[in-house]
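Have a look at the sequence and the 3D view first, then read on.

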Amino acid sequence: MDIRSLRYAVTLAEELHFGRAAARHYIAAQAFGRRIQQLERELGTRLFARTSRRVALTPAGERFVVRARAALAQVDGLATVADRPPADPQVLRVGVLGFGLADRWPGVRALLAQWHPALRLDHVETDWDGQYDLVRSGAVDVAVVHDIGPVDGLRLDRVLDTGRWAVVPAGSPLAGAARLTEADVGDAQWVRLVGRHPGLADWAGPAGSSGSTSTVVRSPAAVPAAVATSGQLGVHGEPARRFFPHPGVRYVPLAGPAALVSVASREGDERPAVRAFREAARAVVVATESIIGAGAVPRDRNRNGE
């Protein structure tokens, strides 16, 4: 029995679904299931009752999970007494994916300057594979992330919906389409987005399960150039039209799940600067959408990509 097995059992108790629980730990469902089975063998009792349709805690599992949570709370609390330099309260390290607040950044900075005049933002570039891990590890205090699903230990505050857009080579017959569905592009070759969280492939659709000859990209900023040079299709959020313009591509609304943006921070982190960043991001987006609703500026937000 080890700490990781305890975490797996607690997560499964929360999700009651092997696939979703495994995704929160970035591992395959089969490997996750083997760890649970190994834990049950070590304990000599079943913690979870499984059928083809559902997973449920057994009475022994309910008792075990209560104690596992208590043990994990003690282990996690050890970090507070570790001998490490204290964080500078006047510096907020912000992970930036290039898939986030777009033109809302000036408003966020202005609010933070108003609320915390001495606070300095240090921006740390990240990619799809590392956007959550930078926050979990403490390498950054908060991150503006492409929200592709929950991760253990993180709080995700939803702030923006930027739709879902295909990035199409300028010379493609699809470049002039008003809107595309996955059926329209089902046979196309796609630039493949790389990240461990299975939610990325779910959002990307055909771009998440492309073939062996696909061009591979690890960050949103690389998608337009990859499309232009490879002739393959890509997928992005709407602000890419303005923030990643490229003469070799066109952006076309694509049906499917929207690109959601959240502020990620560690669970329980209520430091004033972290709380202020979450509140500023949300306040600026709400204010902008109020203006959008009045028809004063172009609309970014559209769940159906229309």
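Let's start with arginine 24, which forms a salt bridge with glutamate 14, the closest N and O atoms being 2.9 Å apart. (A salt bridge here is a side-chain nitrogen of Lys or Arg within 4 Å of a carboxyl oxygen of Asp or Glu.) Arginine 24 sits in the loop between helix H2 (18-23) and H3, while glutamate 14 belongs to helix H1, so the pair ties together parts that are 10 residues apart in sequence. With 13% relative accessibility, arginine 24 counts as buried, whereas glutamate 14, at 43%, counts as partly exposed. (Buried means under 20% relative accessible area, exposed over 50%, and partly exposed in between, using a 1.4 Å probe and protein chains only.)

Glutamate 14 also meets arginine 69 in a salt bridge, at 3.9 Å from N to O. That pair links distant parts of the chain, with glutamate 14 in helix H1 and arginine 69 in helix H4 (residues 59-77), 55 residues apart. Arginine 69 is partly exposed, at a relative accessible area of 40%.

## What you're looking at

This is a predicted model, in which local features need pLDDT of at least 70 and side-chain atom pairs count only at pLDDT 80 or more, while totals for chains, interfaces and linings use all residues. Residues are numbered from 1 along each chain as its sequence is written, and side-chain values use heavy atoms, with hydrogens and water left out.

## Two crossing helices

Helices (H or I, at least four residues) and strands (E, at least two) are DSSP runs, numbered from the N terminus. How do H1 and H3 lie relative to each other? The axes of H1 (residues 3-15) and H3 (residues 29-43) come within 10 Å and cross at roughly 105 degrees, so the two helices are roughly perpendicular. (Axes are lines fitted to C-alpha atoms, for helices over the stretch in contact, and angles run from 0 to 180 degrees between N-to-C directions; under 35 degrees counts as roughly parallel, over 145 as roughly antiparallel, 65 to 115 as roughly perpendicular and the rest as oblique.)

On the H1 side, the contact is made by Arg4, Ser5, Tyr8, Ala9 and Leu12, and on the H3 side by Phe32, Arg35, Ile36 and Leu39. (Contact means heavy atoms within 4.5 Å.)

## The five-stranded sheet

Five strands form an open sheet with mixed pairing, in the order E4-E3-E5-E12-E6. (Two strands pair if DSSP finds at least two bridges between them.) Strand E4 (120-125) and strand E6 (154-161) are the edges, each pairing on one side only. Seven bridges join E6 to strand E12 (residues 260-266), and these two run antiparallel. Aspartate 157 stands opposite valine 263 in E12. Aspartate 157 also forms a salt bridge with arginine 155, the closest N and O atoms being 2.7 Å apart. At 33% relative accessibility, arginine 155 counts as partly exposed.

## The three-stranded sheet

Another open sheet has three strands in the order E10-E7-E11, with antiparallel pairing. Its edge strands are E10 (234-236) and E11 (249-253). Five bridges join strand E7 (residues 165-169) to E11, and tryptophan 165 stands opposite proline 253 in E11.
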